[in-house]
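Please look through the sequence and the model with me before reading the points below.

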Amino acid sequence: MYPKYKLHTARPMRLFVTFLGVSRCYIAVSLVVTAAGSGPAAMAESKPHVLFIAVDDLRPDIGCYGHADVQTPNIDRLASDGVVFERAYCQQAVCTFSRFSLMTGRYPGPRFSDFRKKDPAVIARARDGLVSLTEQFQRHGYKTVGIGKLFDKRMTIPTGDVWQTFHAGAGNGFVSASMAERFRAAAEDKSLQKFRPAFERADTPDDTYPDGKKAAIAIAEIESHDAATPLFLGVGFFKPHLPFVAPEKYWALYDGDALPLANRRTPPADCTDLLFCEYKEIDSYAHPDPMTESFERELRHGYLACVSYIDAQIGRVIAALKEKGIYDDTLVVLWGDHGFKLGDFGEWAKHTNLETDVRVPLIFKLPGGAHVGRKTDALAELVDILPTLCEAAGLPIPTSAQGRSLLPVIEDKASTVRAAAFSRYPKPEGQIGYSIRTDRWRYHEVRPKRAGAVTSRELYDLSTDLTEQRNVIDDYPDVADEHADLLAARLRDMRTNARPQ
């Protein structure tokens, strides 16, 4: 709980939590709060600040995750001040449902689809009983400020219910007028999407692009905030999502011609037809067909440039915390909403349950310099962020949340809080693909949405390589059956609103 941490400032104690993930988020969940308390005014003096940063499509291919060739000095410094979760996973590898799941602490399911509908009665039924992360903080005396992509705009929920102040941060991000026009035209005529440019490198200041503007807004919010009121500040960066646009100086950090290609550019051996998704994200952008190695390197170059660009914006926000004098007393969490295949298995997209698509970066920093510079192999899910932040800030965990607090792992009091990490993704003809990750294995299963026999099963040994190489289900039938039982138990727990192991 927050009060037990020793903070370094003489003024009333405050805590800042930083959350990383990317994409424009507008949705807010006006849900019923079950927590008790004496009211916002009475609680304000004892509550920490929260900084919540999200980064879209960010893979764990950054310096603090062992990729020294990727230039992320600011994220790496944050990691050295906190705890890095090396095996954290999203619950569905697509922006809309991953973020909604994280922000409500709930596993994706049929109810989530109702939030994409326009019928107020349907929305009201879907909202009944749910408590979002930001609503829980708002109802406990916090000022909630959102910037950029946090929730996703495709979900029909009033923004004002979870953000007292919200800055959308819209824009396609192109400096070139001709490229910007191509994007505008594609928005009006979907048949033109395949002609949209996939990248841009322009010799321009950081704040020319939307993500730089978001950092500037966050800095202004920090500078102007009255520390007497606890603040929940959410900042959602859109890059490194396609299109890969970033200032020239970040492209110049890398030698594009020397960049390696994905270590596996073909599907896993003996995989089933249902492992992948029919939607290929890169097909919404201009690219050679078939893809050439030189174009792949240019795309990978653009992705890395965007990663370093966002790292710099994160550094600016953290610098503002330090200038304000509250960084040392801040709880920070950084996360990505899902992964992204950079030519892995021959694809440029997410939208599967593969390790490459569901594994994400996740970093927590506690206040007062506690538990710094440590990495953990504990399995974690993005639904765990809500209960972790609530517990760390001294707030009750909403009864609607299904995630588990990671605070025992962060404080080094437990090696793990769960036996498996769960993900899912829809498949054709009314089927759902489910997947669980245990210490060594990833097990995939496809079954009908409601009832019926399992359509396909796959098992991958990830003990030596985090990229699925070969479906080994025929070699380890007993292991596959054990994981099938584990998945079945998880699905039962989810249906009964339990907090699964």
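Predicted model: local features only at pLDDT ≥ 70, side-chain atom pairs only at ≥ 80, totals over all residues.

1. Helix α7 takes in residues 177-188, which makes twelve residues. At 1.5 Å a residue, a helix of this length should span 16 Å, and the C-alpha atoms at the ends of α7 lie 17 Å apart, which agrees with that expectation.

2. Which residues of α7 are buried? They are Phe183, Ala185 and Ala186, and, when one looks down the axis of α7, its buried residues fall within an arc of 165°, so they line one face of the helix. Ala177, Ala187 and Glu188, on the other side of α7, are exposed.

3. The strands β11, β12, β13 and β14 form an open sheet in the order β11-β12-β13-β14, and their pairing is antiparallel. The edge strands are β11 (421-427) and β14 (456-461), each of which pairs on one side only, while the twist from one strand to the next averages 15°. As background, strands of a sheet pair through backbone hydrogen bonds, and they may do so either parallel or antiparallel.

4. Between β11 and strand β12 (residues 431-437), which run antiparallel, there are seven bridges; as an example to find in the model, tyrosine 425 has glycine 433 in β12 as its bridge partner. Helix α14 (residues 477-495) packs on this sheet and touches β11, β12, β13 (441-448) and β14, with a direction at about 60° to that of β13.

5. If neighbours within four places in sequence are left aside, glutamine 313 is in contact with Asp206, Asp211, Gly212, Ala215, Phe237 and Tyr250.

6. Alanine 349 sits in the loop between β8 (332-336) and α11 (355-358), and with a relative accessible area of 1% alanine 349 is buried. Leaving aside neighbours within four places in sequence, its contacts are Lys280, Glu281, Phe340, Lys341 and Asp357. Although alanine 349 and valine 94 are 255 residues apart along the chain, a separation of 9.7 Å is found between their C-alpha atoms.

Definitions and conventions. Residues numbered from 1 in each chain as written. Heavy atoms only, no water. Contact = heavy atoms within 4.5 Å. Helix = DSSP H or I, 4+ residues; strand = E, 2+ residues; numbered from the N terminus. Expected span 1.5 Å × (residues − 1). Buried < 20%, exposed > 50% of the residue type's maximum accessible area, 1.4 Å probe, protein only. Arc of directions from axis to C-beta. Pairing = 2+ DSSP bridges. Axes fitted to C-alpha atoms, helices over the stretch in contact; angles between N-to-C directions.
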